[in-house]
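Hi,

Here is the structure I promised to pass on.

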Amino acid sequence: MYTGTLIKDLMATVERAERGALKRKITEEVELKRMFELQISPVHNERIFAGAA
């Protein structure tokens, strides 16, 4: 039976989805930053050209 909490439940669902999306975005940005830092590490003295033939 309807309890009158439909709007609250929907808002809670949207908020959870937004938090999850933000968490994924932050995780992806951190991973991309880490990958970029690995590319420019001073370990290699030669230039690396990604995708160059």
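Glutamate 31 counts as partly exposed because its relative accessibility is 35%, where partly exposed sits between buried (under 20% relative accessible area) and exposed (over 50%), with a 1.4 Å probe and protein chains only. Its partner in a salt bridge is arginine 34, with the closest N and O atoms 2.8 Å apart; the rule asks for a side-chain nitrogen of Lys or Arg within 4 Å of a carboxyl oxygen of Asp or Glu. Arginine 34 is partly exposed too, at 42%. The salt-bridge count comes to 1.

Before you go on: this is a predicted model, with local features needing pLDDT of at least 70, side-chain atom pairs counting only at pLDDT 80 or more, and totals for chains, interfaces and linings using all residues. Residues are numbered from 1 along each chain as its sequence is written, and side-chain values use heavy atoms, leaving out hydrogens and water.

As for the overall picture, the protein chain has 1 helix and 0 strands (DSSP runs, H or I of at least four residues for helices, E of at least two for strands, numbered from the N terminus). Of its 53 residues, 0% count as buried. The accessible surface is about 5,600 Å², with 63% belonging to carbon and sulfur atoms (Shrake-Rupley, 1.4 Å probe; for residues, only the protein chains shown count as cover).

Cheers
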